[in-house]
Amino acid sequence: MLEKTTRVNYLFDFYQELLTPKQRNYMEMYYLEDYSLGEISELFEVSRQAVYDNIRRTEKMLESYEKKLKLYDKFQQRVTILAELDEVTENDSKMQQFITKLKELD
């Protein structure tokens, strides 16, 4: 469950601008602010089932965007490569400066 939550949070970070305001609100409240489905449904005066359906549909959309654009996959690859570079060049201060700059970009 934690792995799924982490993945959805990353996908949301990468693709939230492609979502509607309502989708963004539900996802932020559910995944980032840890609201329950019931709490969200009360705030928006809709059924708990409507919130659940919207969140599941939005998760599928995020996965669809990732399948096409692969931003999260590329991010993970960059993190892995930077970690390996960091290890290989730990005694080279100039390289370490470049690695730090690259890490700050993400």
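Analyst: Glu45 is found in the loop between H3 and H4. The model is a predicted one.

User: Is Glu45 buried or exposed?

Analyst: A residue counts as exposed over 50% relative accessible area. Glu45 has a relative accessibility of 73%, so Glu45 is exposed.

User: What is the phi of Glu45 near?

Analyst: Most residues other than glycine have a negative phi. Glu45 is not glycine, yet its phi is positive. The value for Glu45 is near 55°.

User: Where is Asp34, and what is its phi near?

Analyst: Asp34 lies in the loop between helix H2 (21-32) and H3. Its phi is also positive in a residue other than glycine. For Asp34 the value is near 60°.

User: Is Asp34 buried or exposed?

Analyst: The cut-off for exposed is over 50% relative accessible area. Asp34 reaches 66% relative accessibility and therefore counts as exposed.

User: How are H3 and H4 oriented to each other?

Analyst: Two packed helices are described by the angle between their axes and the distance between the axes. The axes of H3 (residues 37-44) and H4 (residues 48-69) come within 8 Å and cross at roughly 110°. Angles from 65 to 115 degrees count as roughly perpendicular. The two helices H3 and H4 are therefore roughly perpendicular.

User: Which residues make the contact of H3 with H4, and how do they divide by type?

Analyst: From H3 come Leu37, Gly38, Ile40 and Ser41. H4 supplies Arg48, Val51, Tyr52 and Ile55. By type, the residues of this contact are five nonpolar, two polar and one charged.

User: How many helices and strands does the protein chain have?

Analyst: From the N terminus on, the elements run α-α-α-α-α-α. The count for the protein chain is six helices and zero strands.

User: Why is the protein chain described as more spread out than a compact globule?

Analyst: The C-alpha trace spans about 60 × 25 × 25 Å along its principal axes. For 106 residues the globule rule gives 13 Å, and the chain is more spread out than a compact globule because its radius of gyration is well over that, at 18 Å.

User: What share of the residues in the protein chain is buried?

Analyst: Buried means under 20% relative accessible area. The protein chain exposes about 7,600 Å², with carbon and sulfur atoms supplying 53% of it. Of the 106 residues, the buried share is 26%.

Methods
Residues numbered from 1 in each chain as written. Predicted model: local features only at pLDDT ≥ 70, side-chain atom pairs only at ≥ 80, totals over all residues. Heavy atoms only, no water. Axes fitted to C-alpha atoms, helices over the stretch in contact; angles between N-to-C directions. Helix = DSSP H or I, 4+ residues; strand = E, 2+ residues; numbered from the N terminus. Parallel < 35°, antiparallel > 145°, perpendicular 65-115°, else oblique. Contact = heavy atoms within 4.5 Å. Nonpolar A, V, L, I, M, F, W, Y, C, P; charged D, E, K, R; others polar. Buried < 20%, exposed > 50% of the residue type's maximum accessible area, 1.4 Å probe, protein only. Rg over C-alpha atoms; globule rule 2.2 N^0.38 Å. Areas by Shrake-Rupley, 256 points an atom, 1.4 Å probe, with all protein chains shown as cover.
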